[in-house]
Structures are given as structure tokens and as C-alpha cells.
Amino acid sequence: MNEQRPQRIAIIGFGPVAASLIEGLLPAAAAGHCEITVISAENHLAYNRVLLAELAAGAAEFEHLSMVDPQRLADAGVQVRLGVQATGIDRARRRIHLGGNDYVSYDRLVFATGARTVIPTLNGLNFDPHADASLPAGVFALRTVDDAHQLRKSIELGQRILILGGGVLGIEAALAIARTGAQAVLVHHGPAPLGRVVDADGGALLSRNLREAGVEVIPGAKASGIQKDAQGFTGLMTSTHGLIQADALLISTGVRARTELASGCGLPVGRGIKTDEFLCADTEQRIFALGDCAEVAGQPPVGLLAPGWAQAAWLSQQLLQLTGSGASEPLAAPDFSASNVLMLKGQGIELTAAGDISAGYWDDTDLQATIYADPARGRYLKIVTRQDAVTGFLAMGLPQTSAELVLAYERATALPEDRSSLLRLDDPATEQISAIPSDEDQLCRCSGATYGEVAHAVGAGCATVAQVGENCRAGTGCGGCKSKIEELLAKAPALA
């Protein structure tokens, strides 16, 4: 393609994944090779949604969540349209309609519209799956900064707050609320929180740990509706526990991809906007999708930062190539496979899990299940292996053992024949000898930053976690890797 004018790249949505995409395009924009326009229905520049519970609980301020430097965007000529709703796409004329007679023209269009909270079909709630619900007073869905600010008001009043949903986000929100002194009540459908991750014993221990952290846990609840008065929410109606009274309700029952705009202009959608393995959603290589709104090569959106950022890094290079400002050789098909390691940390609760732990002792002769339990100390471990390679594990209260298992799981390396030797890693009386992470091993699961990249940032003069984050984005996601970054910073003289 030989066009005189710069290529116009329009991005709809301005979350963390869009911010990462723009970061990769900034040098080309600054050089005049492309013109970037960002359209965002929110009134804020990109921020880290993972930390919204911390913002609501007063443990973080909004500036700590920011993910872009507005001056760098301005210097590169990036046009950011905040508080503007895209209403339609004219693919023939390559226009994004913004309401009235306003529109933005494009040569390449990227959908980064993300996902909205799933509002369950409860009596008294608007559960339209294709629109942002108008929730009654006292009912929240923690997806935006505005949601966090509204929830903070209830927290500051010390109210009794129900959290509906037993996933990671619901648990983290409940812990953050309990830490403030407000009454956090976690209500979920299954026998234990994280029901798809934990087994019966691990779930029982997790529930106990949550209660000890100040969270009331109500399992096996089947919600049917909400009760409200003139002031707003007063209770959750259930078919199993009757009316659960409270002052506020936080809904954390999953998310659904925002696909309405793409569907309206004739693009195929399913669980997300359907793309090929190259993130392309049309046949002309004009329209792309990534992150929580994209169904890539038949795989549903995973709802994690790491794969979204990996997609953004690859797509920025692809767009540069299509605009004539990138490498001349065609890019290979990207590999967006990301580790499915789940980590939960907060108020003395430390849980790490990966893979499938459903196998029992005698289910499959090729699988070996190993279990260790010390509930008095809040410790639990289940490992499932095939020919000594880890296929799944759940570890609670065993941080060093967890770290070792993560490396073994991701490297597909064999465990020691004596599995109990792993437990010695968390014995303070035993000298710790464990696998040393390589430069290629992931340190930050949100950004995908490796130990080598963080060590390079430290060697380049970064002296704080924030500076490391600015350098390689490590530590800017959920924050679970900050302790590891601090360890590397503490060893900086030895690394230099």
C-alpha cells in the first residue's frame, strides 16, 4: 500500500489493553507515520481495573491506577475523545459515528471495547445482556472508577455489604471491604468460593480463612431477587436462605464481552467479536479486536491482563507493518497462550492454583494425586502429576512451595520423587534450596514481564517498584509480584 497521508488508526475503548496497544504505536505516531484516535465512553484515561476494589476501600488513590502519560500522548499527536459514545460503524465509508453528525474516519479500526458486568436475572434488576444496567441505589457493579467511588461511600458508612459471586474478584473485593471495618458478606452459589478451582478440603479451608479475615461467607445461596425501599437496596432474596438483609449489594458474577457495536456493522460475534488467529475481524484487514471483547480463533475471552497485553504487543507490530512503517517481513502467527495460574493474596490468605486437580487417588493409573493438609496452620496442598510432570495443583499457605510448583508447571519439568520435600521450602528452620528462575520465566503474570526484563530494569537504575513498572510494566497489574520485585531491588548491588 502506497498512500501519501498517514494511516488513520481508530481505537474504540480505552482500557489497559488499549493503552498497551497505543504504547506500541506511539513511536510511529510521533514520527508521523500514523494518526491515532481513541474513543472512550468513560471520562478517564486508561486505568488499572484490577485495583478498583483497593480504590473503593481507600487503599489506593486514582493516580496510582493510571496507565498512561497524557503528555506523551499529546506529544505524539494522539487524539483522545473521552466521554464520547460510538453509536455505529459505516464500514463502506470507514466512519465511526458518534451521535448527531459527528464521526471519525479510519483506515484501520481496533475494537478494544472490553466487557461489562453480567447482571443476574434477579427480580428487581435490569438484566438486559446487551446494555449497561441501570442499577438501583445501593447496588453496584465494580467495573469503573465511578463504581468504585459509589461503593466507597457505603464502605465509609460502615454498612453491611453483600458481595454476590465467589470468584477471585468477588473474594478480593470482600477482603478489601472487610479490611476497612465495614461488614463484608460473600454470598455464592456453590459449596465454597472458587468452586471451579478448589476441591472440597481446599474450599473448606478457604472459607474458614475468609471468615477469620472478617468476611461472612454464605455458601449454597440461590438468589432470586432484591428487596428495596424508597432509599434503595435493603436485602437479597434467596430461595435457600430467605431474605439476607444488608445495606448494599456488590455484584461480581462475571463479565460479558461488549459486542453490540461490532454486531451492528455486520461483524460476526459469539462469546466475543470473532477474529482469526491474527486478531482480524473482517476480510480486508481493516478491522481488528483484542482483549476482553475478542473471541480469537474460536477461543473465548479469558478476562486476564496478560493475554490482552500480549495481543496488544503483537497487534501494534502488525498495524505498523500494514501502515508501511514496520518490518517488511510478514509477522508469524502470534502465540497468545498464557499461563492459567491463579493467585489470590490478601489478609493472610495466600492461594495459588493451576490446571486440573479433580483426579482422585485411584481415578487414573497414569495420574498421581498427592495431598497434604495442616488446617490448624492454614496449609493445604494437592498436586496431580502425570509421569512426575505437574498437570494441576492447589496450594494454600505455602508461598515457597507455590513458587516452586508454578515453575515446574510452566516448564513442564519433573517434580522430586519424594513430593514431601517440597514442603520443606516453607519450613523456616530448613535452608531453602529451590529452582532458580531463569531470565525467561515470568515474574509478572499480568504484564508477562520476565525475571530477565525486571533484572534489566533494576540494572538500568530503577530503584523502586513504580520505576520498574514504568520500565517494563511489571507490578502494574494485580500487584501480586511486588514482593518479588522488591527482592530483586534489594539484591541490586549484587546484580550490578
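This is a predicted model: local features need pLDDT of at least 70, side-chain atom pairs count only at pLDDT 80 or more; totals for chains, interfaces and linings use all residues.
A residue here counts as buried when its relative accessible area is under 20%, as exposed when that figure is over 50%, and as partly exposed in between.

The structure holds 4 aromatic pairs. Let's start with Tyr-47 and Phe-62: their ring centres sit 5.8 Å apart and their planes meet at 65°, so this pair is edge-to-face, since planes over 60 degrees apart get that label. Where do the two residues come from? Tyr-47 belongs to the loop between strand S2 (34-40) and helix H2 (52-56), while Phe-62 is in helix H3 (residues 62-65), so the pair ties together parts that are 15 residues apart in sequence. How accessible are they? Tyr-47 has a relative accessible area of 2%, so it is buried. Phe-62 comes in at 26% relative accessibility, so it counts as partly exposed.

Now hop along to another pair, Phe-278 and Trp-314. Their ring centres are 5.9 Å apart with the planes at 40°, so this one is tilted. Phe-278 lies in the loop between strand S18 (273-275) and strand S19 (287-289), and Trp-314 is in helix H9 (residues 305-322), so the contact ties together parts that are 36 residues apart in sequence. Phe-278, at 25% relative accessibility, is partly exposed, whereas Trp-314 is buried, with a relative accessible area of 12%.

One last stop involves a charge and a ring. Take a look at Arg-95: it lies over the face of Tyr-103, at 4.1 Å from the ring centre.

Definitions and conventions
Residues are numbered from 1 along each chain as its sequence is written. Side-chain values use heavy atoms; hydrogens and water are left out. Rings of Phe, Tyr and Trp (its six-membered ring) pair if their centres lie within 6.5 Å; planes under 30 degrees apart count as stacked, over 60 as edge-to-face and the rest as tilted. Helices (H or I, at least four residues) and strands (E, at least two) are DSSP runs, numbered from the N terminus. Buried means under 20% relative accessible area, exposed over 50%, partly exposed in between (1.4 Å probe, protein chains only). A charge sits over a ring if NZ of Lys or CZ of Arg is within 6 Å of the ring centre and within 35 degrees of the ring normal.
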